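Here is a short briefing for a first look at this structure. Please read it with the model open beside you.

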Amino acid sequence: MQRVQPHRAQAAPARRPRWGRRALPALGLGLLVLAWPLASAALGADVFPGPGETLRFLAREAGRGTLWTNVGITLWRVLAAFAFALLLGAPLGWALGTHPRFAALASPWLAVGLTVPRILILLAAYLVVGLNERALIAAITLILLPTVAVQVREGVRSLDPRLSDMARAFRVSPGQTLRHVTLPQLWPALLGAARVTLSLSWKMVVFGEVFGRTSGVGYMIAFYFQQFEMRGILAYGLVMTLILSAVDYGLAALGERVFAWRRTG
């Protein structure tokens, strides 16, 4: 006679305390901020200025109008390259994830795009197109494009085909299937691609400005490097880091809000 095992209640998943989700990042941020004056004290203010000297220099640049002019130019370049990369990379990633033959044909191109040294694309664009905005934006877009395509491709490949089959069985229109079935599954990959692309975009734009532009944060950092003025390098880097960190935080908060149903489901 078969013995019936008593039913055991499943243990509830352990949840991290709510205070930990806020206190630990705040503690990490505090340690990061504290590291700056400690590094300045260890290396000397002449070599590595502290927050006070850097902020005073920043205020002086802002008063002259130089700071926001160059920050605005760099932000425009970052957003332009970011937008072009997403607009081109998302459909490309979708095609790679849904058409295996196209993915096989494009795989060598993708491998080259991901592995070629980024400075090579940047310098080649300057030599071919010229030292202008079009060359910089086109080069950064080409650099970002494979990253976006791969992120979206992996998101497409992880879609649950049973949900699409169910939508077809209930004769749901393609538009409603895209809106209510496909996009909710694809949002994590799209949001992840956006965050990675934005982070990479501003680093590459600043890098490109060092070599081929006469304006922007990268140009100002190169200018103050030639002047051996560490305060200028830290000041412009600090402003761009704070702005892009705020944007990234906004994207992360958007993801938390959009995907809240997954945690409560």
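Ser 215 is buried, with a relative accessible area of 17%. Buried means under 20% relative accessible area, exposed over 50%, and partly exposed in between, with a 1.4 Å probe and protein chains only. The model is predicted: local features need pLDDT of at least 70, side-chain atom pairs count only at pLDDT 80 or more, and totals for chains, interfaces and linings use all residues. Residues are numbered from 1 along each chain as its sequence is written, and side-chain values use heavy atoms, with hydrogens and water left out.

**Around Ser 215**
- Ser 215 sits in the loop between α8 and α9. Helices (H or I, at least four residues) and strands (E, at least two) are DSSP runs, numbered from the N terminus.
- Ser 215 and Ile 73 are 142 residues apart along the chain, yet their C-alpha atoms are separated by 7.3 Å.
- Leaving out residues up to four places away in sequence, Ser 215 touches Asn 70, Ile 73, Arg 77 and Glu 209. Contact means heavy atoms within 4.5 Å.
- The side chains of Ser 215 and Arg 77 are joined by a polar contact of 3.0 Å. Such a contact is a pair of N or O atoms within 3.5 Å; within protein, one must be able to donate a hydrogen and the other to accept it, and residues adjacent in sequence count only if both atoms are side-chain atoms.

**The whole chain**
- The chain has 11 helices and zero strands.
- Of its 265 residues, 34% count as buried.
- Take contacts between residues at least 6 apart in sequence: 74% join residues at least 24 apart.

**Thr 74 in helix α3**
- Thr 74 belongs to helix α3 (residues 66–98).
- Its relative accessible area is 0%, so Thr 74 counts as buried.
- Beyond neighbours within four places in sequence, Thr 74 contacts Val 205, Val 206, Glu 209, Gly 216, Val 217 and Met 240.

**Helix α4**
- Helix α4 (residues 100–115) has 16 residues, which should span 22 Å at 1.5 Å a residue; its end C-alpha atoms are 22 Å apart, which agrees. The expected span is 1.5 Å times one less than the number of residues.
- α4 bends by about 45 degrees at Ala 106, and Pro 108 follows within four residues. The bend is the angle between axes fitted to the seven residues ending at a residue and the seven starting there.
- Ala 103, Ala 106 and Leu 110 are buried in α4.
- The cover over the buried residues of α4 includes α3 and α6 (133–157).

**Two loop residues with positive phi**
- Arg 171 is not a glycine, but has a positive phi of about 55 degrees. Arg 171 lies in the loop between α7 (161–169) and α8 (174–212). At 79% relative accessibility, Arg 171 is exposed.
- Phe 228 is not a glycine either, and has a positive phi of about 55 degrees. Phe 228 lies in the loop between α9 and α10 (230–258). Its relative accessibility is 77%, so Phe 228 counts as exposed.
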